[in-house]
Structures are given as structure tokens and as C-alpha cells.
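Student: Please walk me through this one. I'm ready when you are.

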Amino acid sequence: MSTQHLVAVIGAGPAGIYGARKLTEAGHRVLLINRDIKPGGLAEYGIFMDKEKMKTGLRKQFQRILNHPQVFYLGHVTVGQGKALTLKDLQEIGFSAIVVAAGAQGTKKLGLPGEDTKRVYHAKDVVYHFNKLPPFSQRPFELGKRVAIIGMGNVMVDVANWLLNYMNIEEVTVVARRGPKEKAYDDGEFEVIEKYLDNDDMRKEIERIRPDLETAGQNVEEIIEKFVGTTIPPADQKLRFRYLCSPTRVVPDSENKVAALAVELNKLVVENGRTAPKGTGQKIELPLDCVIYAIGDEVDASLGLPFNRGAFVTNPAQLPGDPNPAQYQPYNPETKQALENIYVIGWSRNASVGLVGVAKQDAERGMKVVNQYLASKEGFEPQVVQQKIEAVLDKLEEKKVSFVTKEDIAVLEAKEKEEAKNCNTWEYKYSSDDEMLEVIAAPRAAAS
């Protein structure tokens, strides 16, 4: 009896790639299907563009994993309802298991009136833009001079970094529902934009909300000491914070561009030991030219898994094992059944939680569950595995979908390294699919 299985992994970001490694270590074959041409996902297109050491190290790791002979890579292939492949296609071909590691590609919004106004963007789209992920890399982002970022996590810092250090925006305002102590960004990350902080304005803002902070039992003097510095920002660029503000409406101008962000002022209340914002009913408007949401992401419902409130529904059962296998099983609440041989890992399981290290850990835990499942099933002979991979390729050919392999990626990466050397920089990226496909096609054309 063969013990080797064939697993389809959807998504070649950190979770998908590290998950593929665990599958190959167990002796299985992996068909790694990726929406983008290049692998890497969050690591390639979500980490700030100047972090050379981190990006270079991750690329080397990913390359080693992808070069494993038991991994077959298919890039530039979308999966979901009405796309190049569907989950049903993969189920009918007969994979031993299907693992969804597609990240959180949906766009979370607040549902505000005026969200469709021009110059309202999502942080993920902006990050993809400056990291040159097609088609976001080709989208124009009209910003104006005054930009508000809603949310105060590390993504906010990356967006503010780009706005202030690369786009020379005059005024960036961070809008937060809670107070300074409830920040989610790391102090080390914040250092890249700290020189733009308007410390006089920060002191005034903390004094404005002093009564609310004190009512919540917070020491205002300690907050001032931590959050108010002594440096003076450049005369033509400033970073400001507006705390205890919940956005209620995007106000458009006569050209349907952002003119202001209406917010409701909050007070802080302590509920069950946690500090929470509560609206006061008092509203003000912040004059602006652009609004960027940095409030997290949600999964892509078009994949076709049961979906609720921005996330795929997972099995609520408490099953034996560490980890609990149910946590990685998509679940149909109508039939009250887990979906057979389909699993979710990484941000597809828990959107916007942690970065590469967390995705790796979750992938490895999830693949422990998958490998235990596979160990209980009969595997495939090598020729059957090959037939199933070819069935996927036939399906793509039938739909006239072009795809790239890991050999194609090697050609592309070699050309990008050559261009980087010519430009005397550590990194060079082609910013459109057409450019990348043209580079990949060149050796084929020369050989024919």
C-alpha cells in the first residue's frame, strides 16, 4: 500500500510554503497553487520595501523549499468561484487533501457613508502598491496633502513611513478609537516616523482626553512621558494623532473627493477588566484629502468556503489532539458538518494575526493535523500522482489560463538580480504581470 499522498496547497505565502515543507518531510507530494506569479505572499509583498535583510533571508528559505523535487509550483493561477480553478475542480481531480493558505485577500471596511468617495483606500492595497504587486502596482493613488490613517498597528506605521519618507505628504493624522496606551504598533517600528511627530500637538491631544484617561484609571503623567518627546518635526511635514475618535462618515467635496472625515468623540470605559471606547454623541470633522483604512483584513469569500463576518467558519468542536484538529477544519453551519479533507491555515484561518513567524507556526501546527489525517488513508502510486497533476494542467489549458512553474521563477529572479546589479541597488522588481511573463517567455522563444 502506498503511503504517499498528493496535497493541493492554495497560496504560496509563508503559511503555504512552510506548510508545503512539512508535507514533503512526511513524504508527500505538493501542488502549490499561487495567485501571483512570484511566491512569497506577505513576505514578498507585505514587508516594507527597505527591509533588505529580512526579505533576502526569507527568499532564500522559500527558494530551498520550492526547489524540493516533491513540490510542483503553479503561479499566476487564481482559485475560487468563477476563477481559473475552483475547489470543486480540485475535489473532482481527487487530491488527498486541499489546504487553503491564501491569506486574507478580502478588504475590510467600516461600512461608513461616503466610503466610495475618491481617495479612500485600504492599507493592504497601498502596501501592495509600493511593494510592486500587480495589479496594485499599476493603480494610481491620488493622495493630496493631508492623509488620515484609521488604525494604529504596525501596518499604520508602514503606510505612514511611505507617506512621509517617500511621498513627502505634508500632514498625516492617525485616527484611533482608543487612547495612546491601547496602541498596537511596536515602538521599534515607530522609530522610522518618530522624527515627524508633532510633539506639541501630541501633548495638547493627551490633555484634551485627560479626563477620560483618568476616569479609566490611567496615569496621564506617565502617558505624557512615554508618548511626548522633545524633538521638533520638519516645518513642512507633521505626524499627528487623534485619539478617542470613531469615524462615522467620509465627507466628499463637489468633485466626490475626500474633504473631511466625520468622527464621533469617545470616552473610555472599563468593562470586565478591559478598556473600551464608548461614543459620546459629540461629532467633529477632520479636514482631509485622503483616508486610508488600516484596520486589518478579511478572507476572500470567493474561494467558496463557508464564510461569516470576514472569516472562514471553522469547526467549533473540541476534538482530541494537540492542536485541536477542528480549529483547521472549515465547517458548514447549515449541515453542522466539517468539510471533508479541506483545511485552512495561516491568515486564511485567522486573518491579520501576526506576521511571518506566526504564519509559519500556524502552518506547522495545521500540517500536523493534515499529516495525521493522511496517515489514516491509502496513498497513490507515483503514476497516479502524476496523472492528477496533469489533470490540473489540462484544466488550465482548457480554460486558456497561462501559468508559471518554479523553473520560470528561477529565470525571472535571475533577470531581476541582473537588473538590480545594473541599477546598483539590492532589489529590482518588475511591476506588471506582462513584464514578468515577457521575461519568462524569452528563453522559451530563443530555444524554439
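Student: Which kinds of residues make up the lining of the largest cavity?
Tutor: Three residues are nonpolar, one is polar and three are charged. Here Asp, Glu, Lys and Arg count as charged, Ala, Val, Leu, Ile, Met, Phe, Trp, Tyr, Cys and Pro as nonpolar, and the others, Gly among them, as polar. This is a predicted model, where local features need pLDDT of at least 70 and side-chain atom pairs pLDDT 80 or more, while totals for chains, interfaces and linings use all residues. Residues are numbered from 1 along each chain as its sequence is written, and side-chain values use heavy atoms, without hydrogens and water.

Student: OK, which residues line the largest cavity?
Tutor: Gly40, Ala43, Glu44, Lys55, Leu58, Arg59 and Phe62. A cavity is a set of points on a 1 Å grid over the protein atoms alone where a 1.4 Å probe fits but cannot get out, and lining residues have an atom within 4 Å of a point.

Student: Which elements give two or more residues to that lining?
Tutor: Helix H2 (42-45) and helix H3 (52-66). H3 gives the most, with four residues. Helices (H or I, at least four residues) and strands (E, at least two) are DSSP runs, numbered from the N terminus.

Student: How much space lies in the largest cavity?
Tutor: About 30 Å³, where a volume is the space filled by probe spheres set on the grid points, which are joined across faces, edges and corners. The structure holds one cavity of 30 Å³ or more.

Student: New topic. How many salt bridges does a search of the whole structure find?
Tutor: The search finds 32. A salt bridge is a side-chain nitrogen of Lys or Arg within 4 Å of a carboxyl oxygen of Asp or Glu. One of them joins Glu142 and Arg119, at 2.5 Å from N to O.

Student: Where do Glu142 and Arg119 lie?
Tutor: Glu142 is in the loop between H5 and S7 and Arg119 in the loop between S5 and S6, so the pair ties together parts that are 23 residues apart in sequence.

Student: Is Arg119 buried or exposed?
Tutor: Arg119 is buried, at 15% relative accessible area. Buried means under 20%, exposed over 50%, and partly exposed in between (1.4 Å probe, protein chains only). Glu142 is partly exposed, at 37%.

Student: Which buried residue has no salt bridge?
Tutor: Glu115 is buried without one; Lys109, the nearest side chain of opposite charge, is 4.9 Å away. Lys and Arg count as positive, Asp and Glu as negative, and His and the chain ends are not counted.

Student: What does the side chain of Glu115 reach, then?
Tutor: It reaches the backbone nitrogen of Leu110 at 2.9 Å. The backbone nitrogen of Leu112 lies 3.2 Å from a polar atom of that side chain.

Technical notes: On a 1 Å grid over the protein atoms alone, a cavity is a set of points where a 1.4 Å probe fits but cannot get out, and a pocket is an open set with protein on both sides within 12 Å along at least five of seven lines; lining residues have an atom within 4 Å of a point. A polar contact is a pair of N or O atoms within 3.5 Å; within protein, one must be able to donate a hydrogen and the other to accept it, and residues adjacent in sequence count only if both atoms are side-chain atoms.
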